[in-house]
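Subject: Handover of a structure and notes on its features

Dear colleague,

Please find below the structure that I am handing over to you. My notes on it follow directly after.

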Amino acid sequence: MTHTPGHGRAEQAARIAAKPWYRQLYVQVLVAIVIGIVLGWRWPDLATDMEPIGTTFITAMKMLIGPIVFLTIIGGIAGVADLKKVGRTGIKALTYFQVGTIVALLTGLVAINVFRLGDGVHADPSTLKTSGDASQYIETGEHQHWWEFLTGIVPNSFFGPFVEGNILQVIFLAVVFGIAIKMVGKTGEPIIAAVGRLTEVVFKVLSFVMKAAPLGAFGAMSYAIGKFGLSTLTSLGSLIVLFYVTSALFVVVVLGGVLALYVRLNIFQLFRYFKEEFWLILGTSTAEPALPGLMRKLQHMGAERSTVGLVVPTGYSFNLDGAAIYLSLATLYIAQATDTSLSIGQQLGLLAVMLLTSKGAAGAAGGGFIALTATLSTVGSVPAAGIMLIFGIDKFMSECRALVNFFGNAVATLVVARWENGLDLERARAVLAGKAGEPPLTNEAETEAPRGRPSGRSAAHRTVRRADRRGGPLMAASVSLAPSVLIAPDKFKGSLTADEVARALERGLLEGAPRARVSRLALADGGEGSVAAACAGRFSAEKVTVTGPTGQPITAPVAVRGRTVLIEAAAVCGLGALPGGVKAPLTATSRGIGQAVRYALAGGADTIVLALGGVATTDGGAGLLQSLGAVLARADGTPIGPGGRGLADLHTIDLAEARTALAGVDLVLATDVDNPLLGPTGTAAVYGPQKGATEDDVRELDTALGTFVRRLEAAGVEDAARLARTAGAGAAGGLGYAGMLLGGRVCSGADYFLTLLGADELLTGADFVVTGEGSLDEQTLSGKLPIALARRARRQGVAAHAVAGRCTLPPERTAAHFRSVQALTDLTDQDCANDSELSARLLAQCGLNLADRWIGGRTDEAARSV
């Protein structure tokens with residue numbers, strides 16, 4: 001499926017954003033670094049006087065780090081409906097951090113053991129004098145215990161961490177407050193809204209500070225070269241080179257390998273994407289100024305805000321790959337230089353200690369040296385005074401440490417986001433490929449954008465005309481500068497899956513509002529596409545080979561999440577599974593559904609969801625029951641034949657084994673069909689014809705199903721007749737009835753899937769939601785997905801907009817549920833019902849219309865000029 005973009009507002013913004021090279025921030029920082037190096041080399045005394053310029057910029061950035069981390073974490077937690085997700089994300093992040101730290105420590109350990117640069121130095125620790133900053137760092141490290149980073153998490157006061165710049169304590173406060181705000185419910189909603197507004201203000205202040213980044217880089221580099229001199233670089237050049245090469249290999253091979261193999265992204269494209277942050281870190285020797293940009297750009301790539309808000313700040317203290325490489329390499333270098341022999345066992349013991357002390361290397365001046373001294377003091381076998389051997393070059397190694405820490409955290413966040421199904425991989429690839437632009441720091445790019453649109457358009461787009469089902473122009477809604485939009489449609493049957501519909505709408509909406517924060521949720525109501533919708537969310541797909549509707553073996557997908565298994569009836573015995581499309585209304589069987597249920601049970605499932613709809617069978621679920629061990633036999637004791645026709649011969653029935661198989665299992669029958677099993681509104685009469693049944697076939701099937709009910713009553717099955725009259729018994733050719741016999745509970749497919757896929761969580765904090773399906777009609781109003789989602793949105797005060805392939809309802813019927821309705825048939829004269837490419841293009845246009853009229857992207861006159 002391809003999409004031909006128009007000459008949209010995103011392209012105009014991109015042209016505006018394409019500033020001359022000399023106005024690009026990273027170019028200015030690079031030039032400032034070069035000037036600083038030259039000044040420090042030629043005029044060192046003058047260069048050292050530039051220290052206040054660099055330190056003032058870094059101090060200004062540190063001033064904002066605490067508030068940004070605090071507000072971001074609270075906003076991330078508050079936006080998660082299920083607090084279990086917060087814990088799950090945190091555990092996964094910490095697991096990754098520990099594994100990454102171990103690999104980084106081992107990398108430095110291997111490098112220094114291979115090249116052994118300290119051999120031949122023969123330094124006498126008793127002659128090494130400590131002074132100045134080094135003496136202070138050693139004293140601090142000697143009094144710091146490995147466990148203090150754990151006990152130091154809890155602050156002495158609320159404002160203390162912000163004053164002292166203790167990010168670990170800020171994280172602790174933010175997590176506690178975020179959870180508390182979430183747990184007080186509606187009382188905390190005004191606080192959540194205030195956090196969102198305050199976050200925008202803080203980032204606006206950040207944009208002011210970032211304008212001084214070239215000056216900060218100039219001051220910091222001038223001072224470093226002027227103070228320590230280029231000669232320092234050459235005296236221990238081999239150690240510096242080893243550290244830089246080892247770090248580069250770690251980033252490219254280890255981090256790049258993880259990124260490529262698991263996340264499926266390119267590390268070199270990531271380097272290019274973060275080029276501004278790269279030069280900023282190189283110039284200032286610290287990752288702090290780049291932290292806000294990292295969080296902003298990761299969200300722009302498609303990582304969930306809640307994941308970014310939790311993982312990045314936590315990684316700032318717990319995921320220090322560069323510091324880990326430095327610690328292991330420096331420790332072993334000092335041991336070699338002081339002729340301290342360490343066995344492999346002792347080195348691994350050092351590694352275990354460094355796994356803890358490395359956590360104290362962030363946020364404090366000389367943090368790396370303090371952590372190094374704490375390590376040496378804890379072990380005791382390597383003299384702490386040996387750090388004077390490398391003190392002179394530490395300044396030139398700090399840039400590399402910070403860069404590795406930065407990219408380590410970027411990769412960690414992408415890995416955890418992918419692990420949590422919270423990464424829009426398609427968008428991430430588009431952003432890294434330069435096709436989606438970079439996020440502006442403020443709203444300046446949008447406010448400067450021209451309000452009109454060039455008139456030149458492709459032939460494909462000339463078929464489009466704008467319309468609004470409610471009549472008249474739409475007024476721009478009052479939403480935030482970076483609005484949050486949830487796109488949650490059902491499939492457009494015959495042309496696009498729910499996920500494809502959502503992606504097409506997203507493309508158009510982001511063209512009109514590049515700064516919008518978009519969440520996608522592919523929906524299903526229990527019919528065709530249920531597994532695909534679940535897997536587009538938090539489920540994973542597994543394949544199972546079962547019996548198809550006419551007895552042939554087929555491979556069908558099921559969706560699995562933990563101990564919950566979703567089985568889509570349409571995928572197992574649907575009309576699409578019929579060989580050659582030849583219908584078999586009398587003999588099609590549901591036996592494959594029972595086999596899929598057995599597969600779920602064998603895997604330890606405690607919740608089995610049957611998505612009922614779109615089947616080719618009308619056998620009352622007899623095949624399902626037989627597969628689970630139920631006895632359905634003729635008078636001679638042989639099993640009855642397949643399909644509804646086989647029920648006419650039913651004489652003996654025993655459900656004991658089937659009921660035992662499902663004992664203790666929550667069997668969910670997800671359907672929005674309310675038909676009973678029998679009669680003029682029963683499954684045969686209403687749905688038989690679309691499965692190929694003639695009038696005579698319908699009568700035969702309804703009679704056979706009646707025989708099924710009577711035989712159950714004769715076998716002593718309580719409530720057999722009552723269940724046959726229950727709404728939903730006629731779902732999926734009577735599969736609903738069979739499920740009820742096994743203790744299953746019927747629930748609205750729309751509401752169940754909305755809950756299962758986390759719609760309420762995504763609605764929290766959304767400015768509006770976009771939903772829809774192939775046809776908005778009378779059936780939609782009976783409670784299908786778009787209406788069910790609109791009701792939930794209304795309860796949270798979120799406006800709902802609908803998009804459909806066609807709409808047969810007048811505006812007064814939809815106005816109670818949707819702020820606006822767009823139909824593809826109103827946008828073109830062409831038939832798009834079975835044209836996936838045209839449908840996708842028109843849906844993108846609908847998304848653009850929404851951005852124009854509801855996010856206030858352009859004037860109505862400009863919108864109508866297309």
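Thr 564 lies in strand β5 (residues 564–568); helices (H or I, at least four residues) and strands (E, at least two) are DSSP runs, numbered from the N terminus. The model is a predicted one, in which local features need pLDDT of at least 70 and side-chain atom pairs count only at pLDDT 80 or more, while totals for chains, interfaces and linings use all residues. Residues are numbered from 1 along each chain as its sequence is written, and side-chain values use heavy atoms, with hydrogens and water left out.

Thr 564 has a relative accessible area of 18% and is therefore buried (under 20% relative accessible area, with exposed over 50% and partly exposed in between; 1.4 Å probe, protein chains only). Neighbours within four places in sequence aside, Thr 564 is in contact with Phe 539, Ala 559, Thr 607 and Val 609, contact being heavy atoms within 4.5 Å.

Strand β5 belongs to an open sheet of 6 strands, ordered β3-β4-β5-β6-β9-β10, with mixed pairing; two strands pair if DSSP finds at least two bridges between them. The edges are β3 (540–547) and β10 (745–748), each with a single partner strand, so one side of each has no neighbour in the sheet. From one strand to the next, the twist averages 30°. Strand β9 (residues 666–671) pairs with β10 in the parallel sense over 4 bridges, and Val 668 stands opposite Arg 745 in β10.

Two helices lie against this sheet. Helix α35 (residues 749–756) touches β4, β5, β6, β9 and β10, and its direction makes about 80° with that of β10. Helix α27 (residues 591–602) lies across β3, β4 (553–561), β5 and β6 (607–611), running at about 130° to β3. For these angles, axes are lines fitted to C-alpha atoms, for helices over the stretch in contact, and angles run from 0 to 180 degrees between N-to-C directions.

A further set of strands involves β11 (residues 768–776). Since 8 of its 9 residues are buried, β11 is largely enclosed by the rest of the structure. It pairs in the parallel sense with strand β1 (residues 484–487) over 3 bridges, and with strand β12 (residues 799–807) over 8 bridges, also in the parallel sense. Val 769 of β11 is the bridge partner of Leu 486, and Ala 800 in β12 is the bridge partner of Val 769.

Helix α17 (residues 321–337) has 17 residues and reaches 24 Å from its first C-alpha to its last, close to the 24 Å expected at 1.5 Å a residue; the expected span is 1.5 Å times one less than the number of residues. As 17 of the 17 residues are buried, α17 is largely enclosed by the rest of the structure. Asp 339, which follows α17, has a positive phi near 55°.

Helix α12 (residues 237–263) packs against α17 at an angle of about 140°, with the axes 11 Å apart. That angle makes α12 oblique to α17 (under 35 degrees is roughly parallel, over 145 roughly antiparallel, 65 to 115 roughly perpendicular and the rest oblique). The contact includes Leu 239, Phe 243 and Phe 250 of α12, and Ile 325, Tyr 326 and Tyr 333 of α17.

Finally, helix α24 (residues 498–512) is mostly covered, with 12 of its 15 residues buried. Among the buried residues are Arg 503, Glu 506 and Glu 511.

Yours sincerely
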